[in-house]
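Hi everyone, thanks for making time this morning. Have a look at the model on the screen, and I'll walk you through the parts I liked.

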Amino acid sequence: MPNHTDNGSRSAGDSEEAQVSRLLTWLSVMAIVFLVGIGSKAWYAGHSTHSYTLWSFAVLVGLNMLYFAATTNRAAQKGGLLVVVGLLFTYLIASGGESNTGPLWFYVFPPLLFYLTNLKAGTAMLLFCFLLAVIVFQFPELPFVTAEYSMDFKIRFFATLIFESIFCFVLEAGRLRARGRLIELAQNHEYAARTDELTGLSNRRDMLNRLAGEFSRYQRSGHHFSIALIDLDLFKTINDRFGHDAGDDVLRRFSDLIKNVIRQTDIAARWGGEEFLVLLPDTSLLQALTLAERLRAEVADTRFESGKSHIPVTISAGVCSIANANTLDDLLKQADINLYSAKEAGRNQIAPRVRSREQKGAWSAT
């Protein structure tokens, strides 16, 4: 029976990715505003090279936004922004910005980095940035380095940056653990909402949703499907004679038999009490009758036990194809009528009737 938990996880992941993309868009807008504003201030202060460089980074951020708008590639949006920000911080550390305050902007990087990447990638990139800062601070004579920093500034810068990085790492690790627990709780809730607790099969609500989806597919593309409404014969007698615990064991054992008999694309549900419904996509009436008869024979040949006592268990089933109904209600009503006919005819059989191999040498409906 198909599991839709992964679909829920993917949907939650897509929603989170969309939220991150919106956040990155606003951060990009803010970055452009700051870069243009600080670049303009540098221009009026006579630092034209610094202003041109900041304006160039503003253009790169804008180009990254335009590329995302044209391609909607979220991975490229993240990667492009991280590269631009990394280059910007490298420039600010190497040049010192204005009055050697450029490195102070680096404090923005750790929380942004951990939010946009995973913990391992974020830590690796931060270590690389620390190494780059060490090189700039220790070798001010390098060609691309134009700033010099005091020893006191270097110690304070690294001490506070290390503290912030560890703090961001712990916060992000906690956020990811909480997110994982929330996703697990949501998946468990979704599973419980659509699964019968006793048998592990779909419940009535989930089956109704699946029937509606299959009927819509039939209306769109003409793919026929069938259903089998199954009832355990004289189940009340089993409860009265052997007890409700034994009855629950029979229901669980029967559910296991259904899972083994139906195909991977078929869906079995506990319809209510001792009634079960099997949805058979892309299945004609004759094919559905064949599967129902195979299940009936399997149940009849299986030994159900309670302690040392043998419990006689048989099933009756009513089968119907959408080809013989105009609506879902008609389909369910016809299957119920056929089930009633099977019970009236003596139970332990399928309706419409299926002739056995001994009678015809092949399966056929009568």
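Proline 352 sits in the loop between strand 7 (350–351) and strand 8 (354–355). The peptide bond that joins alanine 351 to proline 352 is cis, with omega at about -5°. When I say helix or strand, I mean DSSP runs numbered from the N terminus: H or I of at least four residues for helices, E of at least two for strands.

A word on where this comes from. This is a predicted model, so local features need pLDDT of at least 70 and side-chain atom pairs count only at pLDDT 80 or more, while totals for chains, interfaces and linings use all residues. Residues are numbered from 1 along each chain as its sequence is written, and side-chain values use heavy atoms, with hydrogens and water left out.

Now for two other loops. Which backbone angle is positive at leucine 234, although it is not a glycine? That would be phi, at about 50°. Leucine 234 is in the loop between strand 1 (225–232) and helix 8 (235–242). Its relative accessible area is 49%, so leucine 234 is partly exposed; buried means under 20%, exposed over 50%, and partly exposed in between, using a 1.4 Å probe and protein chains only. Arginine 347 is not a glycine either, and has a positive phi of about 65°. You'll find arginine 347 in the loop between helix 11 (328–344) and strand 7, and at 34% relative accessibility it is partly exposed.

Axes here are lines fitted to C-alpha atoms, for helices over the stretch in contact, and angles run from 0 to 180 degrees between N-to-C directions. Helix 8 brings Phe235, Ile238, Asn239 and Phe242 to the contact, and helix 9 brings His244, Ala246, Gly247, Val250 and Leu251, where contact means heavy atoms within 4.5 Å. By class, that contact has six nonpolar, three polar and no charged residues. For the classes, Ala, Val, Leu, Ile, Met, Phe, Trp, Tyr, Cys and Pro are nonpolar, Asp, Glu, Lys and Arg are charged, and the others, Gly among them, are polar.

Staying with helix 9, its buried residues include Ala246, Val250, Phe254 and Val261. Does its length agree or disagree with what we expect? The 18 residues, 244–261, should span 26 Å at 1.5 Å a residue, and the end C-alpha atoms are 26 Å apart, which agrees. The expected span is 1.5 Å times one less than the number of residues.

Next, helix 2 (residues 48–71) and helix 3 (residues 74–95). Their axes come within 9 Å and cross at roughly 175°, which makes helix 2 roughly antiparallel to helix 3. Among the residues in contact are His50, Phe57 and Phe68 of helix 2, and Arg74, Gly80 and Tyr91 of helix 3. The contact divides into 13 nonpolar, five polar and one charged.

Helix 5 and helix 6 also cross at roughly 175°, with axes that come within 11 Å. That makes helix 5 roughly antiparallel to helix 6. Their contact includes Phe130 and Phe137 of helix 5 and Phe157, Lys154 and Glu172 of helix 6, and its classes come to 14 nonpolar, three polar and two charged.

On to the nonpolar cores. A core is a set of buried Ala, Val, Leu, Ile, Met, Phe, Trp, Tyr and Cys residues joined through side-chain atoms within 4.5 Å. Which of the 37 residues in the largest one touch the most other members? They are Leu35, Phe106, Phe109, Phe137 and Phe157. Two or more residues come from each of helix 1 (5–44), helix 2, helix 3, helix 4 (109–116), helix 5 (119–138) and helix 6 (151–194). Helix 3 gives the most, with nine residues. A second, separate core of 31 residues includes Ile230, Leu251, Ala268 and Ile350.

Last stop: glycine 97, in the loop between helix 3 and helix 4. Leaving aside neighbours within four places in sequence, glycine 97 contacts His50, Leu92 and Gly102. Thanks, all!

Notes: Parallel < 35°, antiparallel > 145°, perpendicular 65-115°, else oblique.
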